[in-house]
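My entries follow the order in which I looked things up.

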Amino acid sequence: MGYSNEYKVIHRCARCGRKMVFATTRRFRINANKNRLDVWLIYQCQKCRHTLNIPLYERVPPQKIPAELYERLLANDEALAIQCGGDLSLFRRHHLEAEK
């Protein structure tokens with residue numbers, strides 16, 4: 001299973017202690033805080049597997065996420081993860097260094 005469609009992220013790894021390449025896991029993490037949701041696309045250091053969560057939604061009321069999209073996020077829809085991982089604007093928005 002290749003990651004040719006997604007971007008890799010160059011980021012300081014807390015475990016390795018230096019800039020490393022992080023690749024997508026093609027999985028999402030959803031956290032509920034009272035009546036707000038946070039949704040992240042999970043990336044992983046290619047050397048030590050330490051994770052990096054890239055925010056897709058932050059402190060959003062659940063009803064603001066379309067029902068079909070929410071179900072795909074909950075199901076860790078791989079096609080959706082590939083789509084998100086290939087969106088360069090996501091990385092720019094969070095000031096992350098990305099490469100193909």
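**Entry: a charge over a ring**

I started at Tyr7. Lys100 lies over the face of the Tyr7 ring, 4.4 Å from the ring centre. I counted a charge as over a ring if NZ of Lys or CZ of Arg is within 6 Å of the ring centre and within 35 degrees of the ring normal.

A note on the source: this is a predicted model, with residues numbered from 1 along each chain as its sequence is written. Local features need pLDDT of at least 70 and side-chain atom pairs count only at pLDDT 80 or more, while totals for chains, interfaces and linings use all residues; side-chain values use heavy atoms, with hydrogens and water left out.

**Entry: aromatic rings**

Next I looked for ring pairs. A pair of aromatic rings is described by the distance of the centres and the angle of the planes. My rule was that rings of Phe, Tyr and Trp (its six-membered ring) pair if their centres lie within 6.5 Å; planes under 30 degrees apart count as stacked, over 60 as edge-to-face and the rest as tilted.

How many aromatic pairs does this rule give? The count comes to two. One of them is Tyr43 with Phe91, an edge-to-face pair with 5.9 Å from centre to centre and 85° between the planes. This pair links distant parts of the chain, since Tyr43 sits in strand S3 and Phe91 in helix H3, 48 residues apart. I took helices (H or I, at least four residues) and strands (E, at least two) as DSSP runs, numbered from the N terminus.

Are Tyr43 and Phe91 buried or exposed? Tyr43 has a relative accessible area of 0%, so Tyr43 is buried. Phe91 is also at 0%, so Phe91 is buried. The cut-offs are under 20% relative accessible area for buried, over 50% for exposed, and partly exposed in between (1.4 Å probe, protein chains only). Ring pairs join Tyr7, Tyr43 and Phe91 into a cluster.

**Entry: strand pairs**

I then followed the strands. Two strands pair if DSSP finds at least two bridges between them. S1 (residues 8–12) and S2 (residues 19–33) run antiparallel and are joined by four bridges. Val9 stands opposite Phe22 in S2. The hairpin of S1 and S2 has six residues between the strands, and Gly17 in this hairpin takes a positive phi near 80°.

S1 also pairs with S5 (97–99). These strands run antiparallel, with three bridges. Here Ile10 has Glu97 as its bridge partner.

S3 (residues 36–45) and S4 (residues 51–60) are antiparallel too, with seven bridges. Val39 is bridged to Tyr57 in S4. Five residues lie between the strands of this hairpin, and Arg49 has a positive phi near 75°.

Arg59 is not a glycine, yet its phi is positive, near 50°. Arg59 is in strand S4. Its relative accessibility is 45%, so Arg59 counts as partly exposed.

His95 is not a glycine either, and has a positive phi of about 55°. I found His95 in the loop between H3 and strand S5. At 75% relative accessibility, His95 counts as exposed.

**Entry: the largest pocket**

I used a 1 Å grid over the protein atoms alone; a pocket is an open set of points with protein on both sides within 12 Å along at least five of seven lines, and lining residues have an atom within 4 Å of a point. The largest pocket has a volume of about 190 Å³. Its lining includes Phe28, Leu56, Tyr57, Cys84 and Arg93. The elements that give two or more residues to this lining are S4, H1 (67–74), H2 (78–85) and H3 (88–93).

Which element gives the most to the lining? H2 does, with three residues. By class, I noted eight nonpolar, one polar and two charged residues. Ala, Val, Leu, Ile, Met, Phe, Trp, Tyr, Cys and Pro count as nonpolar, Asp, Glu, Lys and Arg as charged, and the others, Gly among them, as polar.

Asp87 is another lining residue. Asp87 lies in the loop between H2 and H3. Asp87 is partly exposed, at 33% relative accessible area.

Definitions and conventions
1 Å grid on protein atoms, 1.4 Å probe; cavity = no way out; pocket = protein on both sides within 12 Å on 5 of 7 lines; lining within 4 Å. Points joined across faces, edges and corners; volume = space filled by probe spheres on them.
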